[in-house]
Amino acid sequence: MIYMDLEKIYKDRDIPNKYILTLVVAARARQLSERKGAADGYEEKFITRAVDDVTAGRVTYNVIDTPEPQGQPQEAAKAADESVEVQQ
């Protein structure tokens, strides 16, 4: 098994924490595995190549904020927040 200093990688690449690094590497490995012919000439596994891509800066990531749901779920969340405040 190859040792990779994950803490150094996520700090060098300005990734907030190791959990987001894991998501980025997993997404890249999935991209590589789904490409036809991507593994030709490579003896390493997709996950190793994905970590190498992130380490070398060939992969970037974006955090996408999802909009809050509209309608009743949002109102229910407000009601739940109010009940928590009342109990304290």
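These are my notebook entries on a predicted model of one chain.

**Conventions.** I number residues from 1 along each chain as its sequence is written, and my side-chain values use heavy atoms, with hydrogens and water left out.

**Confidence.** I looked up pLDDT, the predictor's confidence in each residue from 0 to 100. The chain averages 76, and 69% of the residues score at least 70. Over residues 78-88 the pLDDT is below 50, and this stretch has zero contacts (heavy atoms within 4.5 Å) beyond near neighbours in sequence.

**Layout.** I read helices as DSSP runs of H or I with at least four residues and strands as runs of E with at least two, numbered from the N terminus. The chain has four helices and zero strands. Of its 88 residues, 19% count as buried; I take buried as under 20% relative accessible area, exposed as over 50% and partly exposed as in between, with a 1.4 Å probe and protein chains only. Among contacts with a separation of 6 or more, 48% are between residues 24 or more positions apart.

**Helix α2.** I checked the span: α2 has 17 residues and reaches 24 Å from its first C-alpha to its last, close to the 24 Å expected at 1.5 Å a residue (1.5 Å times one less than the number of residues). Its buried residues are L21, V24, V25, R28, A29 and L32. They lie on the same side of α2, because they cover an arc of only 130° around the axis, taken from the directions from the helix axis to the C-beta atoms. This buried set packs against α1 and α3. The face turned away from it carries the exposed residues Y19, T22, L23, R30 and E34. At the start of α2, a side-chain oxygen of N17 comes within 3.0 Å of the backbone nitrogen of Y19.

Leaving out residues up to four places away in sequence, A29 touches F46, I47 and A50.

**L6.** I found L6 in helix α1. L6 counts as partly exposed because its relative accessibility is 41%. Its C-alpha is 9.1 Å from that of V51, 45 residues apart along the chain.

Technical notes:
Predicted model: local features only at pLDDT ≥ 70, side-chain atom pairs only at ≥ 80, totals over all residues. Polar contact = N/O pair within 3.5 Å; in protein donor to acceptor, adjacent residues only side chain to side chain.
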